[in-house]
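Visitor: I am new to this structure. Please take me through one part of it closely: the place where two chains meet.

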Amino acid sequence: MDKQNRRQFIRTGIRWILFGGMALVAGDLIFRKGEPLFGKNRKSGPTVWQLDPAKCIQCGRCATNCVKTPSAVKCTHAYSMCGYCNLCSGYFKPETKTLDTGAEKQLCPVSAIKRTFVEDPFYEYTIDEALCIGCGKCVKGCGAFGNGSLQLQVRHHLCDNCNDCSIARNCPSGAFSRVQLTDPYLLKGFGKKNL
Amino acid sequence: MKKKTILIFAIMLFLVFVAWMLRDLFMVRPELQKNPYDYGMTALRKTDTVPSYTELSPLKPVLREITSVAGNQDGKIYIAGKGGVEILDVSGRMLKHFPIRGYATCLTLMPDGTLVIGMEDHVELWSPSGNIISVWQAVDTNSMITSVAATQNLIFVADAGKKIVYQYDRYGKLQARIGEKDPVRKIPGFIIPSPYFDVGISPKGELWVANTGRYRLEKYSMDGSLLTSWGEASMAMEGFAGCCNPSNFTILPDGSFVTSEKGIERVKVYSPDGAFVALVAGPEAFDEGTRGLDLAAGSNGRILVLDPSRNQIRVFVPDKRN
Ligand code: SF4
Ligand code: SF4
Ligand code: SF4
């Protein structure tokens with residue numbers, strides 16, 4: 001290869017690299033998860049990350065993939081959907097016989113759910129957000145046997161609203177999207193008022 | 001020579017870098033896939049008990065979003081759901097289909113063949129030929145009718161919204177409210193955490209109700225006194241797997257109970273006094289998360305299971321060996 005050809009080769013190479021880079025940036029902007037650049041799903045106004053409980057399969061990554069420790073995703077409780085069950089499948093491990101608050105009987109790995117007696121046979125379950133790691137174990141139990149009133153949500157006072165949410169990037173069910181800051185929760189039921 | 005070596009080394013380094021990037025982008029790494037907080041549903045849905053029933057080919061109704069099934073001893077199968085009722089013969093051939101307005105949540109047959117259809121908040125009576133006989137007034141505000149049962153002259157309506165079983169005459173006149181909490185009569189009241197609240201009449205004419213928040217079946221007198229109950233919460237085959245089970249039940253001609261559960265989907269037979277007898281179908285037979293397995297006694301010992309997930313009527317017959 002003579003000098004002239006080598007120069008041409010480098011120039012062509014640079015052009016291709018620039019072109020490829022621009023295509024990547026454009027593709028990312030147009031197809032990026034949650035916030036499309038064009039189309040009817042394009043929203044105006046500031047947005048934040050949120051997960052759709054109807055799509056979530058409780059894979060555990062909300063606990064392990066968040067850049068915050070503990071995760072900015074927490075269990076939330078849509079009280080209007082709750083049965084206030086004595087045998088709460090979100091609170092007790094599946095085979096539990098005696099229904100007391102012994103740590104070994106609790107499903108939650110960090111005992112973040114508090115059980116309070118209301119009246120026979122009803123109990124109220126509240127989440128201690130400071131303890132909750134967003135693992136979704138209780139959400140799975142409640143959804144499988146109960147009414148599904150326990151649901152995971154990104155808690156915005158804790159979330160850094162990362163440009164590229166590391167949970168959204170790895171969520172196997174595509175549950176994450178960007179939602180309007182003015183309506184930032186996607187709880188099922190009528191539980192938004194409980195947050 | 002030296003230049004060539006450096007070039008080859010650089011290309012190899014570049015290829016290794018590209019391979020690493022591709023692996024990072026596209027390869028699924030099992031250690032990242034494993035859920036350290038797994039609930040263990042897969043293990044719970046496995047059972048050692050062998051079913052004592054064999055499944056025949058399922059019946060596939062034309063109706064979509066089916067919710068309830070009833071059978072009678074001449075082999076006819078009645079199915080209700082969104083916007084219609086379908087009547088099939090024993091082989092699944094459609095005999096009749098007629099539209100209804102709205103969403104049928106439950107249905108039963110009166111001994112004279114009249115169809116009693118629960119429609120979320122009210123009841124309708126239809127003739128088997130598809131003519132409407134009467135439309136009752138809405139039961140109550142916030143009512144959610146989940147089951148109906150009938151004797152010759154009485155119709156029982158389970159209302160999960162109000163947590164009461166209403167007793168009507170066949171003209172829609174309210175006769176009694178059954179299961180209302182009453183400490184004087186020692187009636188603890190129904191605990192119905194979710195919209196699964198089934199009611200049935202035994203061949204002896206006894207009224208049975210699934211008190212799902214207490215994981216048991218309760219027998220009531222016609223005036224609403226609690227007579228007896230059986231059942232307990234347990235993941236074991238003999239029990240009902242937690243809240244809110246049994247989600248559905250039916251009573252066979254010999255007085256045995258067939259129950260279905262949600263969470264761990266299973267259909268089982270219990271003796272008339274509530275002892276576990278046999279597994280009809282275990283969780284493996286159903287899609288995970290299936291709820292509302294309505295049940296009916298078919299002809300010749302068949303058990304009909306409405307599978308809302310597959311929109312089919314699954315048919316189970318006792319194993320010859322058993
Ligand atoms: S990563 Fe997705 S599927 Fe997994 S727990 Fe979070 S929202 Fe649910
Ligand atoms: S089980 Fe997991 S998601 Fe539920 S409260 Fe405990 S830490 Fe939070
Ligand atoms: S945006 Fe950042 S802080 Fe918020 S949930 Fe995602 S990874 Fe966590």
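Guide: What follows is a walk across the interface of chain A and chain B. Keep in mind that this is a predicted model.

Start with the head count. On one side, 28 residues of chain A take part, and they are in contact with 27 residues of chain B. Next comes area. The size of an interface is often given as the accessible area lost when the parts come together. Here, the area buried between chain A and chain B is about 2100 Å². Carbon and sulfur atoms give 59% of that area.

Three residues deserve a look on the chain A side. A:Leu87, A:Pro94 and A:Phe145 supply 29% of the area that chain A buries against chain B. That is more than any other three residues supply.

Now the polar side of the story. How many salt bridges are there between chain A and chain B? The count is 0. Polar contacts do occur: 8 residue pairs make them across the interface, with both residues at pLDDT 80 or more.

α3(A) gives the most, with 6 residues.

Last, sort that side of chain A by class. The side touching chain B has 13 nonpolar residues, 9 polar ones and 6 charged ones.

Key: Residues numbered from 1 in each chain as written. Chains lettered and ligands numbered in written order. Predicted model: local features only at pLDDT ≥ 70, side-chain atom pairs only at ≥ 80, totals over all residues. Heavy atoms only, no water. Contact = heavy atoms within 4.5 Å. Buried area = accessible area lost by both parts, 1.4 Å probe. Salt bridge = Lys/Arg side-chain N within 4 Å of Asp/Glu carboxyl O. Polar contact = N/O pair within 3.5 Å; in protein donor to acceptor, adjacent residues only side chain to side chain. Helix = DSSP H or I, 4+ residues; strand = E, 2+ residues; numbered from the N terminus. Nonpolar A, V, L, I, M, F, W, Y, C, P; charged D, E, K, R; others polar.
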